[in-house]
Amino acid sequence: MTRIAYTVTATLPDAEVASEYIRWLQDGHTDAVIAGGAESAAIILLDPEPAEGGAPGGVQVEVRYVFPSRDALNHYLHQYAPALRVDGLKRFGTRPGVVFSRRIGAFVTKPPSAAEA
């Protein structure tokens, strides 16, 4: 079976909001996604990229989940994701400068194990 990467990227207005978001991820959100079917989760603080005009573009935090199959991801998306998204949006979605994006893709090579990360 092909493993699937499910990546959520949050663009946050500043380091303070980013720290709060990372704490929320570590204090149970990523564990809830794993309980919903993911094999692993990695939280990545992305290096800053200047926005248009050279100004800072906010702080980006990426969470990459690995699911054992597309069926497992689809089960998570239908059964668990809606409630978890509501919680995240309630905590962070109404703040100015907060934007979430999601990407899904199939691994071509073996994903790193938790021990390798």
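This report describes the sheet, the helices, the nonpolar core and the salt bridges of one predicted protein model.

Because the model is predicted, local features need pLDDT of at least 70 and side-chain atom pairs count only at pLDDT 80 or more, while totals for chains, interfaces and linings use all residues. Residues are numbered from 1 along each chain as its sequence is written, and side-chain values use heavy atoms, with hydrogens and water left out.

Helices (H or I, at least four residues) and strands (E, at least two) are DSSP runs, numbered from the N terminus. Two strands pair if DSSP finds at least two bridges between them. Four strands form an open sheet in the order 2-3-1-4, and their pairing is antiparallel. Strand 2 (40-45) and strand 4 (99-106) stand at the edges with a single partner strand each, so one side of each has no neighbour in the sheet. From one strand to the next, the twist averages 15 degrees; axes are lines fitted to C-alpha atoms, for helices over the stretch in contact, and angles run from 0 to 180 degrees between N-to-C directions.

Strand 1 (residues 4-12) and strand 3 (residues 59-67) are joined in the antiparallel sense by nine bridges. Within this pairing, threonine 11 has glutamine 60 of strand 3 as its bridge partner. Helix 1 (residues 15-35) packs on the sheet and touches strand 1, strand 2, strand 3 and strand 4; contact means heavy atoms within 4.5 Å. The direction of helix 1 makes about 10 degrees with that of strand 3.

A residue is buried under 20% relative accessible area, exposed over 50%, and partly exposed in between (1.4 Å probe, protein chains only). In helix 2 (residues 70-79), the buried residues are Ala72, Leu73 and Tyr76. They lie on the same side of helix 2 because they cover an arc of only 100 degrees around the axis, the arc being that of the directions from the helix axis to the C-beta atoms. The exposed residues Asp71, His78 and Gln79 are on the face turned away from that buried side. The buried residues of helix 2 pack against strand 1, helix 1, strand 3, helix 3 (81-93) and strand 4.

A nonpolar core is a set of buried Ala, Val, Leu, Ile, Met, Phe, Trp, Tyr and Cys residues joined through side-chain atoms within 4.5 Å. The largest one has 24 residues, of which Leu12, Tyr21, Tyr65, Phe67 and Tyr76 touch the most other members. Helix 1 gives the largest share of this core, seven residues. Leaving out residues up to four places away in sequence, the contacts of phenylalanine 67 include Ala72, Leu73 and Tyr76.

**Salt bridges**

A salt bridge is a side-chain nitrogen of Lys or Arg within 4 Å of a carboxyl oxygen of Asp or Glu. By this rule there are four salt bridges, including those in the table.

| Pair | N to O distance |
|---|---|
| Arginine 3 and glutamate 39 | 2.8 Å |
| Arginine 95 and glutamate 20 | 2.8 Å |
| Glutamate 62 and arginine 64 | 3.9 Å |

Arginine 3 lies in the segment before strand 1 and glutamate 39 in the loop between helix 1 and strand 2, so this pair ties together parts 36 residues apart in sequence. Arginine 95, in the loop between helix 3 and strand 4, and glutamate 20, in helix 1, are 75 residues apart. Glutamate 62 is buried at a relative accessible area of 15%, whereas arginine 64 is partly exposed at 34%.
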